[in-house]
Every structure is written in C-alpha cells, then in structure tokens.
Amino acid sequence: MVDKDGDGRISVEEVKEIISFSASANKLSNIQTQAEEYAALIMEELDPDNLGYIMIDSLETLLLYGPEETVARGKESRNLSKMLSQKLKPVREDNPLTRWYRRANYFLEDNWKRVWVMALWIGIMAALFAYKYVQYKNRAAYHVMGHCVSMAKGAAETLKFNMALILLPVCRNTITLLRNKTKLGVAVPFDDNLNFHKVIAIGISVGVGIHSIYHLACDFPRLIKADSVTYAPMRQYFGEQPSNYWFFVKSVEGVTGIIMVVLMTIAFTLAAPCFRRGKLKNLPQPLKRLTGFNAFWYSHHLFVIVYTLLIVHGEYLYLTKEWYNKTTWMYLAVPLLLYGGERFVRALRCSIKPVKIVKVAPYPGNVLALYMSKPQGFRYHSGQYMFVNCAAVSPFEWHPFSITSAPGDDHLSVHIRTLGDWARQLKTVFSQVCQPPPSGNSGLLRADCMQGNDLNFPRVLIDGPYGAPAQDYKKYEVVLLVGLGIGATPMISILKDIVNNIKAIEDESQNALESGTAGSGSPVSFHGNFKTKRAYFYWVTREQGSFDWFKGAMNEVAELDHNRVIEFHNYCTSVYEEGDARSALIAMLQSLNHAKNGVDIVSGTRVKSHFAKPNWREVYKRIALDHTNAKVGVFYCGPPALTEELRQLSLDFNHKTSTRFEFHKENF
C-alpha cells in the first residue's frame with residue numbers, strides 16, 4: 001500500500017497518504033489535517049540529501065523505534081510486578097470465621113465514618129419508633145385499632161425526623177463552612193452528603209409506605225367495623241362512627257396525606273438515576289420531557305408544597321388535640337429555617353457579587369469555557385465548585401461546575417460540557433455574540449471573544465464556592481489525580497495551585513535566607529497547611545480535540561514545575577495501544593516531533609501522550625513501590641464507570657501493601 005510501484009522508494013505524497021490513513025484509523029483529525037507538515041518531518045529525518053524520496057527499509061527501521069520502546073516498557077512492568085509481589089504478604093486462611101472477621105475488619109477500617117453515621121441514624125429512628133409504639137399501646141385507641149395504630153404512629157414519628165433531617169445534607173453553605181473551618185471532617189464523611197440525602201429519602205419512602213398502609217388497610221377498616229361499645233372511646237376524636245372510607249378521605253388529614261404521597265412519588269421517581277440522567281431512550285416523545293436534569297430540578301421544588309402540607313397535616317391529627325403534642329413543626333422548625341436562610345443567602349450573595357464575562361472560548365468536543373472577573377471577597381480552594389446561572393437561558397436554573405482557575409488567578413473560569421438542554425442553550429446564546437472561528441487553523445475549532453464595547457454578553461450569576469472532595473488534596477504528601485473527559489476540570493485547578501504553592505514556599509525560603517532570618521524561629525507561612533510533595537495526574541479522554549481544553553494550562557504548569565513535582569500522563573483512547581501496528585506510525589511521529597520541537601503531536605502540549613487506556617493496577621503498583629508507608633490521596637472526577645475499579649484497587653493495595661490509598665470521588 002505504501003510503495004505502490006514496488007521500486008522500494010516512497011515519495012513525499014506516499015508518506016503523506018500513509019500518515020493520513022494512520023491518523024484516520026486512530027481518529028486523530030488534527031494530525032490528518034497536518035499530514036503535509038509531518039510528512040516533511042519524516043523526509044527531513046530520512047532524506048537529508050533532498051532526493052525527494054526515502055527508501056522503504058529506512059522507514060521500517062524508523063518504525064521499529066516505537067515497538068522497541070514498548071517492549072522495554074513491558075519488561076519494566078514485569079520487573080515492577082515481580083518487585084511488588086515480593087513485598088506483598090498474601091495470607092491464606094482456611095477458617096471461615098477468621099476470613100469473615102478479616103473482611104469485617106477491613107470493611108470497618110475503610111468505612112468507619114459511614115458506619116457510625118448510619119448506626120446513629122438507624123438507632124435514632126428505632127428509638128423514636130419504639131417510643132411512639134409503646135405510647136399508643138397504652139392508649140384507648142390501641143383497644144380499637146390494635147397494633148396497627150402503633151405501627152402507623154411509630155412510622156409517622158420517623159417520618160417527621162427524616163423530613164427534617166433530609167434538608168441538612170443539602171445545606172451546602174453550612175457544610176462548606178464546617179468543612180473549611182472545623183476539624184469535623186476527621187470523623188464526619190462530608191463527601192457523602194448527597195448519598196446520605198438519598199438514603200434518608202429511602203427511609204422516608206419506607207416510612208410513608210408503613211404509615212399509609214397501616215392507616216388505610218388496618219386502622220380505618222377497624223374503626224368502620226367496630227361495634228358501638230368498642231368504638232365509644234373514639235367518639236371524642238372522630239365524632240359519630242364513620243360508615244365508609246369517604247369520611248377519612250375528605251378530611252384535612254386525608255386530603256393533605258394523599259396530595260403529599262402523590263407529590264413525593266413524582267419527585268422521587270424523577271430523581272431516580274434512569275430519569276435524571278435521561279437513560280430511558282424508548283419513551284414516547286411527550287414523556288421524554290419527564291427525563292433529564294430539568295425535570296428532576298423542577299420536580300424537587302414540589303417539596304415546597306409538601307412541607308407546607310406536612311405542617312398542616314401535623315396540626316389536624318386524629319388522636320392528638322393538645323398543641324404541645326403536635327410535634328411536626330418542632331422537628332421542622334430549625335432545618336427549615338436553616339435551609340431557608342441558605343437560599344436567602346444564596347440569592348443575596350449572587351445579586352451583590354456580579355461577574356463580568358471577560359472571555360469566551362468554544363472548544364472541540366462540545367465544551368464552552370467561560371472566563372469571568374473574580375468578585376471582591378470571593379475566596380475558594382482548588383477542587384471546589386460553584387453554581388452558574390444565565391437568565392438568558394433560564395432565570396431559575398442553577399448548575400454546578402468545577403472551578404478550573406487557581407485561587408491565585410485574577411479571574412474565575414469554568415469549562416462546561418454542552419450535553420444537556422441548558423448547556424446547549426448556553427453555548428448557543430454565547431455563540432451568537434462571539435465571532436465565528438477563523439478558518440485554516442489546523443482544525444482547531446476555537447473562538448476567543450474578549451469583552452469590548454461592541455460585545456454584549458448575556459448576564460451570568462454565580463453562587464459559591466462550595467466544598468468538594470478534591471479540595472482536601474493539600475493534606476496529602478502524595479496525590480493521584482484522575483480525570484475522565486471533562487472530569488479533569490477540578491484537577492487542572494489543583495495542578496496550578498500545587499506549582500503556585502511550591503513557588504511561594506520557595507520564594508519565602510529564599511527571602512528568609514537573604515534576610516538572615518532562616519532558622520531564627522521566625523514564623524513561616526505554610527500556605528494553608530500545604531503538604532503535597534508529589535502529584536501524579538492521569539487524564540483519559542476519547543477525542544484528540546479534548547486536549548485543547550487545557551493545553552495552555554498544562555504547558556504553563558509544566559514550565560513552572562522546575563522540580564518535576566507533577567508527573568503528567570495524558571491518554572487518548574481513540575488511538576490503538578502502543579505496540580499495535582495500526583498506531584506504530586503515530587508513535588514514530590510522536591517521538592520525532594517531541595525530540596525536535598518538544599511538542600506532543602496528539603495533545604499539542606509539552607506532555608507526551610499515551611495511547612489507549614491506562615492499566616490502573618500498574619499505576620497503583622508503581623506508586624505503592626515508590627511511596628512505601630505513605631498516605632496517598634486518590635481523587636477521581638468523571639462518570640461513575642471508573643469509580644468502582646479505582647475504589648477497589650485502593651482497598652486492595654491498602655490491605656496488601658504498606659501504602660495507604662484514600663479514595664475520593666466526584667461523579668456527574
């Protein structure tokens with residue numbers, strides 16, 4: 001295919017053709033459009049006499065460099081595995097009780113924060129249920145309705161508790177404050193706030209089911225069928241004995257209860273992952289509007305009605321007349337005030353902290369980058385996120401995005417993947433203001449729009465910052481940062497923050513030496529207890545164009561990282577794995593261009609890219625060997641697909657090596 005006439009010579013056009021073919025096979029559009037440039041690079045290497053052709057055996061020799069490098073890496077990996085296997089201490093235990101004990105011990109060691117929170121929650125619910133059950137067992141109603149009334153009232157008590165508690169995990173300002181200003185994070189799993197929110201929702205669903213079923217299927221039928229003597233003690237609560245269900249349904253308690261169940265069913269259903277993430281593809285067109293984030297977001301506001309009805313429902317109880325025994329409002333008062341206060345602060349903060357859009361950049365892969373002015377007093381940590389609102393798209397919707405700028409930057413930036421309806425409309429609105437991208441830029445679909453008098457950007461509001469798992473990276477001396485696709489956003493901010501902190505510490509040390517205060521006991525700033533001494537960054541993406549999102553940031557970090565604290569690993573999964581014949585030419589071009597120009601042909605950065613997917617076990621092995629007896633913070637941001645593998649590897653290496661991996665994740 002390369003040497004069409006079989007004379008052993010390859011012309012420039014034939015070299016260009018094979019480069020285009022190889023780039024197309026590996027879905028590298030940028031290389032395909034620059035085939036002529038890379039053909040000239042090969043001719044320069046193999047045709048120093050400018051004969052206009054190269055010999056096919058010379059090209060084959062050059063192509064062998066890639067496979068040799070791959071073989072060397074394979075040998076290194078095998079040696080690494082052998083070294084690690086010598087350090088592992090596998091223990092085989094035939095006793096099932098011992099195996100069970102070890103597994104339980106490992107589970108508690110890895111999940112003790114979650115365990116004590118769940119145990120406390122379940123214990124409180126059990127105590128409330130038992131208290132109410134015994135209370136009604138000793139009342140006259142028990143002789144008419146039996147254990148059914150105790151079950152219904154016990155479930156109702158847990159419902160009141162859970163309806164109050166479910167608001168606390170979504171009080172983001174409070175959680176961020178506790179996370180940043182206190183040491184509670186040592187014992188409280190703040191990273192699991194939304195998971196706990198979902199678990200409480202399950203508890204509410206169970207409570208609603210028990211409360212409703214025991215009332216409808218047991219309590220009410222017994223009241224209707226009771227004889228006059230048995231019913232007599234209930235006359236003070238229900239009046240004349242009801243003869244049918246309509247008596248209960250039309251009452252305030254019945255109407256409010258039914259409406260609450262219907263509204264909660266709608267909200268809980270649309271919050272399920274299959275609806276919220278729009279995974280139900282075969283629904284009829286009218287029903288598709290009930291899927292996606294918008295349906296979830298709007299349906300959750302039905303709880304404004306639910307809480308109002310819950311308070312009313314609690315004031316018209318059948319068997320309780322004294323105001324001090326009507327405890328629904330007592331449970332809800334503080335959480336509702338706290339949550340309401342948070343929403344008020346949010347509205348006030350975003351209105352008095354306007355931002356000015358200074359730059360807009362549409363990138364390949366449906367990504368829109370917004371660069372905006374930093375409001376006065378806006379302080380944040382790398383890894384945190386903020387909410388963004390654009391009234392031109394929707395005045396009510398707020399969407400969370402990781403902050404990609406570093407705390408030391410004079411601006412704020414977010415990179416938004418335009419997948420949902422809101423994000424697509426946002427890109428459309430800004431694209432109408434931006435100038436179209438210039439043609440002939442090697443396939444780079446980018447348009448930078450600087451703020452000017454002739455540009456009228458849509459008004460953007462921000463709210464935040466809010467705490468996130470990645471913000472805790474500073475407390476680890478070694479960190480493993482993993483970003484999948486657009487999940488690299490918080491990691492980019494962290495990388496910039498790492499080099500900024502290291503530079504600041506070095507400058508302080510240098511100033512101390514020059515002033516003669518080093519070692520004199522004078523106070524030294526540690527920049528927010530910054531401990532990181534080594535960072536491994538793995539970015540995995542499908543498309544070559546994705547590297548354009550953070551090309552400038554990665555080049556800047558690589559240039560400032562004089563001590564090589566950060567180790568970069570960019571992976572493009574569209575390229576066949578190293579050693580595969582289909583990617584051999586790409587590997588050869590990559591080596592040539594990087595050696596000559598210091599630029600990677602795949603990512604366009606100074607960081608040399610890898611092909612296909614990482615072998616995560618090998619990644620963990622290397623870190624475990626290089627950092628024995630160390631605590632490594634593993635931070636992952638991306639789709640849930642990779643979460644379980646990384647978490648399980650962290651657990652495996654915790655149990656089998658002296659290195660402790662602490663896994664943190666953010667999914668979208």
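**View 1. N629 is placed in the loop between α23 (616-626) and β14 (631-638).** Helices (H or I, at least four residues) and strands (E, at least two) are DSSP runs, numbered from the N terminus. Although N629 is not a glycine, its phi is positive, about 60°. N629 is exposed, with a relative accessible area of 65%; exposed means over 50% and buried under 20%, with partly exposed in between (1.4 Å probe, protein chains only). This is a predicted model, in which local features need pLDDT of at least 70, side-chain atom pairs count only at pLDDT 80 or more, and totals for chains, interfaces and linings use all residues. Residues are numbered from 1 along each chain as its sequence is written, and side-chain values use heavy atoms, without hydrogens and water.

**View 2. R564 lies in the loop between α21 and β12 (566-572).** R564, not a glycine, has a positive phi of about 55°. Its relative accessible area is 55%, and R564 is exposed.

**View 3. Helix α21 (residues 551-560) has the buried residues A553, M554, V557 and A558.** They cover an arc of only 130° around the axis, so they lie on the same side of α21. The arc is that of the directions from the helix axis to the C-beta atoms.

**View 4. The peptide bond from G464 to P465 is cis.** Its omega is near 0°. P465 belongs to strand β9 (residues 460-466).

**View 5. Residues 66-77 have a pLDDT below 50.** pLDDT is the predictor's confidence in each residue, from 0 to 100. The protein averages 81, and 84% of the residues score at least 70. Where pLDDT is low, the predicted coordinates should not be read in detail.

Methods: Contact = heavy atoms within 4.5 Å.
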